[in-house]
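Here's a quick tour of a protein model for anyone just getting started with structures. Take a look at it first, then we'll go through it topic by topic.

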Amino acid sequence: MKRLLPGILLAAIAGTASAQTNMDMANEYPPNSIHAETADHFIRVLGEESGGLVIVTPHHGGALGYKSVDHYDAVGDGAVQIATSFSGAWSGINPIFLVSSLPFLATDLDDTRALYEATRPYYAAAMEADNQVFLYATPWPASGFWGRKPVDTVEALRGLKIRSFDTPGTTTLVNAGAAPVQLSWADIVPQLTTNGIDAVLTSADGGASAQFWEYLSDFTEVNYALPLQVTHMNRDAFEALSEEDRAALLEAARQTETFGWDLLSSRVSENYATLAQNGVTVTTEVDPALIASLQAAAEPVVSDWAERVGPDAQALLSAYRAAIAD
């Protein structure tokens, strides 16, 4: 008989053979972030699709004490049943999870979707091997530079103490002349308050959700990447559900993926309006030499990633490039 994971409570409903399942969902990012909104949508749809039999409680803002880098093992081990996680944080687990945050590989929504479709089977296979179920993934808005002034020239970036979110970003920024510090999301504000960093590589959405305007005055659009947030589930928890509830969960995941990708189409303009309301200057026109410098700095990073991943990298990149060429 399979032992139920901690936190999964099965309560028989009187007069039926059905049972209600309660699960927890971890999320490092704030309740007003795009991926908290997407997670809340998933929870709501799952409740509807399951007739109220599968209840998920969200824990936004790292309330369970986990960062995205911790989610992978926490979900695989069953410490938490579901998590929504920034996939780039898992570079030390499997480099396949870095693909969506590789700099300047996909810089708009259509290309990011094509890259995701090429990569999704590899995500699912990696998680399958680690006792997890890949549910869905949705993108962050494009990453740019938050700073105390516009970071719109090669000179403005040179020597800048800037937060990066993964190893490829750190290497790219070093190659471009900056002085990056790799930090998890939860560690950014403490570093800003102590002047440990002067700038942050992240999206306008991420900065708005954490009210970066309390520390930084500018956001510069460079369309560095649109990294993915992955929602994943412990396989034992998934298999403990009834066949009907598993179907409801997968349907909720399907609907939420559509919701999350559609949400991005209006999110950037909404973010920029919020930033303007809070006194943040948004710079969308940058020196072409800066973009050229960043792209050149990124080329060896992408090549190194492909070597680490091996044949799978070549297969998915070929599929991606064929898709965007059509």
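Let's begin with the pocket. The residues lining the largest pocket split into 10 nonpolar, four polar and two charged.

**The largest pocket**
- In volume, the largest pocket comes to about 200 Å³.
- Its lining is made up of 16 residues. If you want to find the middle, look for Pro141, Ala142, Asn223, Leu226 and Val268, which lie nearest the centre.
- Which helix gives the largest share of the lining? That's helix H9, which spans residues 243-277 and supplies four residues.

**A closer look at Asn271**
- Helix H9 is also where you'll find Asn271.
- Is Asn271 buried or exposed? Its relative accessibility is 5%, so Asn271 counts as buried, since buried means under 20%.
- Leaving aside residues up to four places away in sequence, Asn271 touches Pro141, Ala204, Asp205 and Ala208.

- Now hop over to strand S4, residues 82-86, which is mostly covered, with five of its five residues buried.
- Follow the side chains along S4 and you'll see Ile82, Thr84 and Phe86 pointing one way, with Ala83 and Ser85 pointing the other way. Residues on both sides are buried.
- One partner of S4 is strand S2 (residues 19-27), and the two pair in the parallel sense over three bridges. Within this pairing, Asn27 has Thr84 of S4 as its bridge partner.
- S4 also pairs with strand S11 (residues 228-234), this time in the antiparallel sense and over five bridges. Over there, Met233 of S11 stands opposite Ile82.

**How confident is the prediction?**
- The protein has a mean pLDDT of 93, and 94% of its residues reach 70 or more.
- Where does pLDDT stay under 50? Look at residues 9-17. For that stretch, the model has 12 contacts beyond four places in sequence.

Note on methods
Residues numbered from 1 in each chain as written. Predicted model: local features only at pLDDT ≥ 70, side-chain atom pairs only at ≥ 80, totals over all residues. Heavy atoms only, no water. 1 Å grid on protein atoms, 1.4 Å probe; cavity = no way out; pocket = protein on both sides within 12 Å on 5 of 7 lines; lining within 4 Å. Points joined across faces, edges and corners; volume = space filled by probe spheres on them. Nonpolar A, V, L, I, M, F, W, Y, C, P; charged D, E, K, R; others polar. pLDDT = per-residue confidence, 0-100. Contact = heavy atoms within 4.5 Å. Buried < 20%, exposed > 50% of the residue type's maximum accessible area, 1.4 Å probe, protein only. Pairing = 2+ DSSP bridges.
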